[in-house]
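Colleague: How should I read the pockets and the core in a model like this? Please take the general idea first, then the case.

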Amino acid sequence: GCSMQLSTLLHGAAGLLGPAGGAMGDTVPLIDAQTANILGSINKFTVQQHVKVFDNCIEQPNTYTIYNLDTQQALIRVQERSDCCPRICCAPHHSIILEFNALDPAGNKIFPVITMEREGCCSKPCTGGFVCVDCCAQEAFVHAGAIQGVEAHQAGKLPKDRVIGRMKQPVPFAGGLSPTIQVMDRLPTSDEHWASVVGPTLFGGCSENCCNVPFGVKRVNKDGSVSVDVGNIATITKIKPRSLTGAIREMLTDSDMFQFEIHDPSVTPQQRASLLGVLLLADYMFFERDIDQCGYNDGFFINFCNCYCCGALFPCQLKINR
């Protein structure tokens with residue numbers, strides 16, 4: 001039954017998946033014990049986006065599976081909920097709700113883990129470009145457990161009583177030439193900026209076929225300074241294709257693969273949940289661009305990479321006119 005599945009999963013998390021590794025407790029614990037055990041006992045994850053047929057013709061909701069990197073056991077399934085028209089017209093900047101569900105060893109969903117929401121283009125039409133003021137900045141919230149009875153268009157306006165983390169581009173200029181996402185932790189009366197996720201200036205396009213794209217997670221001190229002396233507390237890496245088949249899939253679909261590695265075992269389970277949310281937010285912000293490597297637009301073009309500047313992406317292309 002369900003209790004047997006839970007017991008098997010928790011045994012896998014605590015035993016087969018390795019010890020807790022020193023993960024500390026959260027200041028305001030909102031996630032349940034099973035979720036905390038799964039997230040706190042693993043330091044290396046793989047996140048695989050599922051291939052969707054005809055996704056470049058009609059944009060479809062994304063689905064991801066989160067694996068233990070060492071054992072390749074599927075741990076969590078992530079399913080996007082979004083309205084059809086905004087998704088087709090505005091992707092990847094549409095409003096989304098992502099539902100994270102734990103999986104048993106057979107791959108069946110057994111209980112909700114967290115929920116993530118991001119308000120998109122219909123109610124925030126300036127997202128995806130230069131970040132000058134708050135209404136231009138991408139922002140997402142991670143909630144403990146499931147949120148019942150809400151529609152996808154309500155993303156960004158859900159009740160905030162079970163929020164465990166918030167992610168936002170810094171205002172103004174969103175990190176300048178370095179794509180930056182600030183990560184806030186839940187405190188008893190407010191939230192605290194505890195980490196910043198920073199990526200490279202150039203990425204995407206054809207460069208994805210031969211280069212990994214690393215995003216470093218830096219701890220932020222109480223005074224707002226970044227702890228550069230202790231190195232990255234975690235790394236989020238967009239992984240390059242490992243084969244010709246993978247490269248073709250990367251070119252023709254939005255299917256991406258990421259690795260998420262915790263270097264500081266004191267990162268708490270809720271902070272790890274927030275960083276998984278950052279990983280998926282980064283995928284929507286930077287890597288969900290259709291036909292990003294080559295195509296035809298009044299002439300054939302090859303996009304070598306994208307250049308990030310103040311929240312906007314600029315393609316570096318070679319174009320052959322008719």
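Colleague: How do the residues lining the second largest pocket divide?

Modeller: Into four nonpolar, six polar and five charged. Ala, Val, Leu, Ile, Met, Phe, Trp, Tyr, Cys and Pro count as nonpolar, Asp, Glu, Lys and Arg as charged, and the others, Gly among them, as polar. The model is predicted, with local features needing pLDDT of at least 70 and side-chain atom pairs 80 or more, while totals for chains, interfaces and linings use all residues. Numbering runs from 1 along each chain as its sequence is written, and side-chain values use heavy atoms, without hydrogens or water.

Colleague: What is the volume of the largest pocket, and which residues lie nearest its centre?

Modeller: Rolling a water-sized probe over the atoms shows where empty space is left. A pocket is an open set of points on a 1 Å grid over the protein atoms alone where a 1.4 Å probe fits, with protein on both sides within 12 Å along at least five of seven lines; lining residues have an atom within 4 Å of a point. The largest has a volume of about 290 Å³ (the space filled by probe spheres on points joined across faces, edges and corners). Of its 23 lining residues, P92, H93, M285, R289 and L313 are nearest the centre. The lining divides into nine nonpolar, nine polar and five charged residues.

Colleague: What about the space in the second largest pocket?

Modeller: About 240 Å³ lies there. Its lining has 15 residues, with D185, E192, W194, R219 and Q271 closest to the centre.

Colleague: Which residues is V197 in contact with, beyond four places in sequence?

Modeller: Contact means heavy atoms within 4.5 Å. For V197 the list includes I181, F215, I236 and L275.
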